[in-house]
Amino acid sequence: MEYSLISHSRYARSFNPVKKKLLLLAIMLFLWVYMAYSCVGYCSTMPRMVVDYRVKETQTAGKRTDNSGVDLMSKLLSKPQGWVDLETDYDEPPIRTASRDLLNNEVEIDQTEDWDEMRGEQKSPDQSPMSSFSNGSGSKKLPQAIIIGVKKGGTRALLEFLRVHPDIRAVGAEPHFFDRNYDNGLDWYRDLMPKTLEGQITMEKTPSYFVTREAPARISAMSRDTKLIVVVRDPVTRAISDYTQTLSKKPDIPTFESLTFKNRTTGLIDTSWSAIQIGIYAKHLENWLQYFPMSQILFVSGERLISDPAGELGRVQDFLGLKRIITDKHFYFNQTKGFPCLKKAEGSSKPHCLGKTKGRTHPNINPEVVQRLRDFYRPFNMKFYQMTGHNFGWD
């Protein structure tokens, strides 16, 4: 009996270390599996190039044909007026005209701007460990909300601010689906979107949609319930900013003044130049109102986005049906750049300002040219105020 007890005691002492080692190995294995799963979720949300020209032509699922809609202007405006009556020297150019546009490389310029932003020092909200882990599940959906314009109005700032909200998931680069890549089909478009969970909103932004004639019908064909956001800015300042961007890429282009006028002596404005044409907001809006009611379009002031970002973001969150999570506490004003920055972007402990492509110094423009442009835009601005029910104070 004594021998049996001694043997049992020795066996127990030799067994305990083995159990401890097995338990330690089991814990390490569990941690390794967890880290591997998190890595898979992270990799699935990494930004990727949004333009794939090798997409098979047979991928036609979700294609839509454009259909002309019913003109709602007569219902919205008590006294509809012909556009020629608003401005005697305005000749409506074809929407895709390239005359004196200096935009032979516009696609390359826009994409360079977009990817410069994506290569910034900040960590994208999509790359935080928690959001990456959660996006190991979920599914890709077509966007329920789109920032459709306007170029150089503040769309990049708005998108980056909105991505702080936990219920908004947005693709970083501009897909340009409804203007340049529509033939690739809706499946291709959906595949560009980030994964979302139930209750989250999928978003994208492509400012050129606002001035693309086919875009309203195409978006309506995808979903008539799509919410549209337009960031607008003083059209004169916007035109100068547009020119400044092109000048940074092509320093040898003609002066702003020479591009503004068809005839400098008569002061006739060249509306075929896209920098001028984009700012005729009322004309472009008329096209969108044929397919979407005004209640589905929110106009964000580019000026107020700088002076009161929290206030404008509050309006956007209300429009999207989201809780007001983005508030004053998220912003600080950067004196050097001249616009607000995020105190802490989602997924990063560092402040986040937009990249070097934003906040460029504008060239000096002859005051007489600026005044002539203000006179040109004034009737269109008044029409735009009437259509939207909001005075943006540009005059």
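Predicted model: local features only at pLDDT ≥ 70, side-chain atom pairs only at ≥ 80, totals over all residues.
**View 1. Helix α9 and its covered residues.** Helix α9 takes in residues 235-249, and eleven of its 15 residues are buried. Those buried residues are Pro235, Val236, Arg238, Ala239, Ile240, Ser241, Asp242, Tyr243, Thr244, Gln245 and Thr246. If you look at the start of the helix, you will find a side-chain oxygen of Asp234 within 3.0 Å of the backbone nitrogen of Val236.

**View 2. The largest nonpolar core.** This core has 39 residues, and the ones with the most contacts inside it are Phe178, Tyr189, Ile219, Leu285, Trp288 and Phe384. At least two core residues come from each of β2 (145-149), α7 (186-192), α8 (215-222), β6 (227-232), α12 (281-288), β9 (297-301) and α15 (367-388).

**View 3. The surroundings of Ile219.** Ile219 is one of the residues with the most contacts inside the largest nonpolar core. Leaving aside residues up to four places away in sequence, Ile219 touches Ile146, Ile148, Phe178, Tyr209, Thr226, Leu228, Trp288 and Phe292.

**View 4. Where α12 meets α15.** The axes of these two helices come within 8 Å and cross at roughly 40°. On the α12 side, the residues in contact are Tyr281, Ala282, Leu285 and Glu286, while α15 brings Phe380, Lys383, Phe384, Met387 and Thr388. Sorted by class, the contact holds six nonpolar, one polar and two charged residues. Leu285 and Phe384, both part of this contact, are also among the residues with the most contacts inside the largest core.

**View 5. Helix α14 and the residue that follows.** Eight of the eleven residues of α14 (residues 309-319) are buried, so the helix is largely enclosed by the rest of the structure. Its buried residues are Pro309, Ala310, Glu312, Leu313, Gly314, Val316, Gln317 and Phe319. Just after the helix, Gly321 takes a positive phi of about 75°.

**View 6. The whole chain, for orientation.** Stepping back, the chain has 15 helices and eleven strands, and 49% of its 395 residues count as buried. Among contacts in the chain with a separation of 6 or more, 77% are between residues 24 or more positions apart.

Conventions. Residues numbered from 1 in each chain as written. Heavy atoms only, no water. Helix = DSSP H or I, 4+ residues; strand = E, 2+ residues; numbered from the N terminus. Expected span 1.5 Å × (residues − 1). Buried < 20%, exposed > 50% of the residue type's maximum accessible area, 1.4 Å probe, protein only. Polar contact = N/O pair within 3.5 Å; in protein donor to acceptor, adjacent residues only side chain to side chain. Core = buried A, V, L, I, M, F, W, Y, C linked by side-chain atoms within 4.5 Å. Contact = heavy atoms within 4.5 Å. Axes fitted to C-alpha atoms, helices over the stretch in contact; angles between N-to-C directions. Nonpolar A, V, L, I, M, F, W, Y, C, P; charged D, E, K, R; others polar.
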